[in-house]
Amino acid sequence: MSEAANVRPVTSIAAFYAIAYEMETDAVERYKVLADQMQTHNNGELVLIFLDLARAEGLHAEEIRRMAGELGVESKSGPIGSWRSESPEAADLSAAHYLMTPRDALLMALAGEERAVAFYTGLAAAATDPEIRKLAEEFIAEETEHVELCHRLLRRYPPAGAERYEDPDPPLAGD
Amino acid sequence: MSATAPLSCKPGDYKSDIKPIWCPGCGDYHVLMALTRAFAALGLPPEQIAVVSGIGCSSRIPAYTSCYGFHGVHGRSLAVAAGLKIVRPDLTVVVTSGDGDGYSIGGNHFLHACRRNVDLTYVVMDNHIYGMTKGQPSPTTEPDFDTALTPGGTGVRPFNPLVVALASGANFVARAYSGNPHDTASLLVEAVRHPGFSFVEVLSPCVTYRPDQRAWKERVHSAPVSATDDAARAARRLMTDDGFNLGVLYRGNRLPYQPTAVAVTSDLAEFEKGFEI
């Protein structure tokens, strides 16, 4: 499904902020879940990375709250979300693995940021209100910066060899 | 469901301080996320909710919530939950289980819980495997699932939980996919609100023993038709669906089973009169 089709029509600035805020808070929740998973499975390096990602998304959420001001960011649709299916920026929790590397985590984050860019691009293209279009364009710029940041960080972590994913005592020991 | 003034609880308020120990990538993380979002959307305070479970990976959920919880005996969660709901009808009772706990060890309880139609929400995280005990086939495992434990597969036809639930009298039958926690949360809200026994099967991949189930993400799809209250029509649909139709598939109209409370006497002679032949 295209990201543009993944959101109910945005008819007001308040609705725009509410959706943007939900996207960020959903991302915070998912990165915290991933950090907890990695802590449970003794992958300390990934704990820090996922907590950093959660912190970054949380800061963006607070920035959106500040931008919204009196309009507020509480969605009328409640805690489940405004989009028709999952948040466009959602990290895919099912892709997590206890042996995952920092590169895997950053690729996961990159995919989310790219979907966010596509989502806001769809919103900007569909907007009939020039104010909503302008706001969407600001968010495209913001999310594009995040994409570039992910690419910069990825340079620090070249692809790992196959041995990185080898576990001498794997959980799959049914036989 | 008890009538409650909407609260401003956030999904995080329904999580306990205990970190889940499921494998990273497990679908049950998403189910926990969906459940807490559903509770927040329902506006119920944690102390008005009881989460009851049996044994298995999925049955760990009560410990991960801040609601009342009961981690019960293998396969017996529905019996515990029914008893709880009957004596405390004011509580919203959600039962969490897996395909082994719910359909094999607890198979008989499943049939009779559907038949009794107590106002419960039964969430079964189905991954077609016993994950906690290292990958034995469950009632929903495909007959040709070949492992060292079952060389060549079991050769046994899988159980069809939704058809069984419908035939046994469940008042609400739905299927969800854990990878869509937003949709699953919406469905759980409907299930809790619907009176009587609501059965929600959640396809929840086991990434450790069934890594092939990562492909479920591409296979699931919304049911092409809306829910029906006609059990015969629902049965035809469920018997012929591909196992990946998501959404509410049956919404019945049976009144929930809720016995009227009788006055309890402390007079033994009076009590014994009730047993006179």
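**Notes on the strands and helices of chains A and B**

1. The strands E7(B) and E8(B) run parallel and are joined by 2 bridges. Please keep in mind while reading that this is a predicted model.

2. Now for the whole sheet. Chain B has an open sheet of 8 strands with mixed pairing, and the order is E2-E1-E3-E4-E6-E5-E8-E7. Which strands are at the edges? They are strand E2 (68-71) and strand E7 (221-222) of chain B, each of which pairs on one side only.

3. Strand E5 is worth a look for its two pairings. With E8(B), E5(B) pairs in the antiparallel sense over 4 bridges, and here B:Phe172 stands opposite B:Arg251 of E8(B). With strand E6 (residues 198-203) of chain B, strand E5 (residues 172-177) pairs in the parallel sense over 6 bridges. In that pairing, B:Arg175 has B:Glu201 of E6(B) as its bridge partner.

4. Two helices lie across strands of chain B. Helix H3 (residues 77-87) of chain B lies across strand E1 (49-53), E2, strand E3 (92-98) and strand E4 (121-126), and runs at about 180° to E3(B). Helix H6 (residues 161-168) of chain B lies across E4, E5, E6 and strand E8 (245-251), running at about 165° to E5(B).

5. The axes of helix H1 (residues 27-42) and helix H7 (residues 181-193) of chain B come within 8 Å and cross at roughly 50°, which makes H1(B) oblique to H7(B). Their crossing is right-handed. From H1(B), the contact uses B:His30, B:Val31, B:Met33, B:Ala34, B:Leu35, B:Arg37, B:Ala38, B:Ala41 and B:Leu42; from H7(B), it uses B:Pro181, B:Thr184, B:Ala185, B:Leu188, B:Val189 and B:Val192. By class, the residues of this contact are 12 nonpolar, 2 polar and 1 charged.

6. Turning to chain A, how do the axes of helix H3 (residues 102-126) and helix H4 (residues 130-154) cross? They come within 8 Å and cross at roughly 160°, so H3(A) and H4(A) are roughly antiparallel to each other. H3(A) passes H4(A) in a left-handed crossing. Residues of H3(A) in this contact include A:Leu106, A:Leu110, A:Val117 and A:Tyr120, and those of H4(A) include A:Phe139, A:Ile140, A:Val147 and A:Cys150. The contact of H3(A) with H4(A) divides into 15 nonpolar, 3 polar and 6 charged residues.

7. H3(A) also meets helix H2 (residues 44-68) of chain A: the two axes come within 9 Å and cross at roughly 20°. H2(A) and H3(A) are therefore roughly parallel to each other, and H2(A) passes H3(A) in a right-handed crossing. A:Glu45, A:Leu46, A:Ile49, A:Phe50 and A:Leu53 of H2(A) make the contact with A:Pro102, A:Ala105 and A:Ala109 of H3(A). By class, there are 7 nonpolar residues, no polar ones and 1 charged. A:Ala109 is also among the H3(A) residues that meet H4(A).

8. One last point, on confidence. Chain A has a mean pLDDT of 86, and 86% of its residues reach 70 or more. Over residues 1-5 of chain A, however, the pLDDT is below 50, and this stretch has 11 contacts in the model beyond near neighbours in sequence.

Note on methods. Residues numbered from 1 in each chain as written. Chains lettered and ligands numbered in written order. Predicted model: local features only at pLDDT ≥ 70, side-chain atom pairs only at ≥ 80, totals over all residues. pLDDT = per-residue confidence, 0-100. Contact = placed C-beta atoms within 7 Å. Axes fitted to C-alpha atoms, helices over the stretch in contact; angles between N-to-C directions. Parallel < 35°, antiparallel > 145°, perpendicular 65-115°, else oblique. Left-handed = near helix turned anticlockwise from the far one by under 90°. Nonpolar A, V, L, I, M, F, W, Y, C, P; charged D, E, K, R; others polar. Pairing = 2+ DSSP bridges.
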